[in-house]
Amino acid sequence: MEESIFNNKLVEPDDKMVTKELGETKEYLNRICEFIENEYNDLRPEWKFYGKKCGWVLKLFNNERNVLFIVPCTGHFRIALTFGDKAVNSVMISKLPDRIKKEFITARKYIEGRTVQIDIRSEVDLENILQLIKIKLN
């Protein structure tokens, strides 16, 4: 997986920069933010610099709860989500694609749960992420 395309610690990404780099997939990022705000009544985005190797990452919070991390890439973005055991079980019985379920099965388990990373390049990817957000926040 590639790291964030924004790796200059002195330059926090803004909407114009993100729009330019993500291209058409910026619409998917907007829709994710709108979904969280509309369905769960709170969205707080926060850019954080994780060092030269990782660069700038956008964290999305709902009521102080970390929902997901967004890693901007050229022409797309990657999302990282962490799920506890109960949420992983919900993923396994969902109608999500087997490839996503396999990501959770093979993900290393930490105290905070299992973290998976999924590239968002298409409408199908977006729909899968929205389903994962529902599972995580419900």
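Predicted model: local features only at pLDDT ≥ 70, side-chain atom pairs only at ≥ 80, totals over all residues.

I then checked Cys54, which is in no disulfide either: the nearest cysteine sulfur is that of Cys73, 12 Å away. Cys54 is partly exposed, at a relative accessible area of 37%.

**Entry 1: the sheet.** I wanted the strand order next. Six strands make an open sheet, and I read the order as E1-E2-E3-E4-E6-E5, with antiparallel pairing. Which strands are at the edges? They are strand E1 (44–49) and strand E5 (109–110), each of which pairs on one side only.

I went through the pairs one by one.

- E2 and E3 pair in the antiparallel sense over five bridges, and Asn62 stands opposite Arg65 in E3. Their hairpin has two residues between the strands, and Asn63 there takes a positive phi near 50 degrees.
- E3 and E4 also run antiparallel, joined by five bridges, with Pro72 opposite Phe77 in E4. This hairpin has two residues between its strands, and Gly75 in the turn shows a positive phi of about 80 degrees.
- Strand E4 (residues 76–83) and strand E6 (residues 113–120) are antiparallel over seven bridges. I noted two facing pairs here: Arg78 stands opposite Asp119 in E6, and the bridge partner of Ala80 in E6 is Gln117.
- E5 and E6 pair in the antiparallel sense over two bridges, and Lys109 has Arg114 in E6 as its bridge partner. They form a hairpin with two residues between them.

Entry 2: I picked Pro45, which has its place in strand E1. Is Pro45 buried or partly exposed? At 48% relative accessibility, Pro45 counts as partly exposed. Leaving aside neighbours within four places in sequence, I found Pro45 in contact with Leu58, Lys59 and Leu60. I also checked Pro45 against Leu10, 35 residues apart along the chain: their C-alpha atoms are separated by 19 Å.

**Entry 3: helices.** I began with helix H1 (residues 15–22). Asp14 caps its N-terminal end, with a side-chain oxygen 3.2 Å from the backbone nitrogen of Lys16. Just after H1, I found Gly23 with a positive phi of about 60 degrees.

Then I asked which strands helix H2 (residues 26–40) lies across. They are strand E2 (56–62), strand E3 (65–73), E4 and E6, and H2 runs at about 20 degrees to E2. Helix H3 (residues 85–92) lies across E4, E5 and E6, and runs at about 120 degrees to E4.

**Entry 4: the core.** In soluble globular proteins, nonpolar side chains tend to be buried together. With that in mind I looked for the largest nonpolar core, and found one of 39 residues. Ile32, Leu132 and Ile133 have the most contacts inside it. I followed up on Ile133: not counting residues up to four places away in sequence, Ile133 touches Ile32, Phe35, Ile36, Tyr40, Val67 and Leu68.

Entry 5: Asn128 lies in helix H5 (residues 123–137) and is buried, with a relative accessible area of 10%. What does Asn128 contact, leaving aside neighbours within four places in sequence? I found Leu96, Pro97, Arg99 and Ile100.

Asn62 lies in strand E2 and counts as buried too, at 7% relative accessibility. With neighbours within four places in sequence left aside, Asn62 is in contact with Ile36, Tyr40, Asp42, Val67 and Leu137.

Notes: Residues numbered from 1 in each chain as written. Heavy atoms only, no water. Disulfide = S-S within 2.5 Å. Buried < 20%, exposed > 50% of the residue type's maximum accessible area, 1.4 Å probe, protein only. Core = buried A, V, L, I, M, F, W, Y, C linked by side-chain atoms within 4.5 Å. Contact = heavy atoms within 4.5 Å. Helix = DSSP H or I, 4+ residues; strand = E, 2+ residues; numbered from the N terminus. Pairing = 2+ DSSP bridges. Axes fitted to C-alpha atoms, helices over the stretch in contact; angles between N-to-C directions. Polar contact = N/O pair within 3.5 Å; in protein donor to acceptor, adjacent residues only side chain to side chain.
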